[in-house]
Amino acid sequence: AIFPIVFSLLCVFMSIFTKFITYISDKLGFMSVSNFVLVFVILVLSIYNLKIVTKYSKLNENVKKLNHFIALNEKENKK
């Protein structure tokens, strides 16, 4: 729940301080400020998506380990 709040505050910051954003986009070599903002938003959302996918992958691996553990315990209990 923190990411949407921080992301929206960042968007508000970018809309208030347009001269700063223009300066950054000029220094990075963008032809237009809107191109910089679009690339920045895509980059931030891609990084957030990568974080979520990594977390999901770790949780999925933990579920597999738990399933193996349960199966081995059930096999030992049957003997």
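## A nonpolar patch on the surface

Helix α1, which covers residues 2–16, gives the most to the nonpolar patch, with 3 residues; helices here are DSSP runs of H or I with at least four residues, strands are runs of E with at least two, and both are numbered from the N terminus. The patch on the surface is formed by Val12, Phe13, Ile16, Phe17 and Phe20, which together have about 480 Å² of accessible area. Patches are made of residues with over 30% relative accessible area and no salt bridge, like charges being joined within 9 Å and nonpolar side chains (Val, Leu, Ile, Met, Phe, Trp, Tyr) within 5 Å. A salt bridge is a side-chain nitrogen of Lys or Arg within 4 Å of a carboxyl oxygen of Asp or Glu.

Phenylalanine 20 has its place in helix α2, residues 18–28, and is partly exposed because its relative accessible area is 44% (buried means under 20%, exposed over 50%, and partly exposed in between, with a 1.4 Å probe and protein chains only).

## Basis of the model

The model is predicted, so that local features need pLDDT of at least 70 and side-chain atom pairs count only at pLDDT 80 or more, while totals for chains, interfaces and linings use all residues. Residues are numbered from 1 along each chain as its sequence is written, and side-chain values use heavy atoms, with hydrogens and water left out.

## Overall form

The secondary structure of the protein chain comes to 3 helices and 0 strands, in the pattern α-α-α along the sequence. The radius of gyration, taken over C-alpha atoms, is 23 Å, well over the 12 Å that the globule rule gives for 79 residues, so the chain is more spread out than a compact globule; that rule is 2.2 Å times the number of residues to the power 0.38. Along the principal axes, the C-alpha atoms fill a box of roughly 75 × 25 × 15 Å.

Of the 79 residues, 8% count as buried. The accessible surface of the chain comes to about 7,000 Å², of which 69% belongs to carbon and sulfur atoms, with areas from the Shrake-Rupley method and a 1.4 Å probe.

Serine 32 is found in the loop between α2 and α3 and counts as partly exposed because its relative accessibility is 27%. Its C-alpha atom is separated by 59 Å from that of alanine 71, 39 residues apart along the chain.

Helix α3 (residues 33–78) holds leucine 59, and valine 44 also has its place in helix α3. Valine 44 counts as buried at 17% relative accessibility, whereas leucine 59 counts as exposed at 51%. The C-alpha atoms of valine 44 and asparagine 62, 18 residues apart along the chain, are separated by 27 Å.
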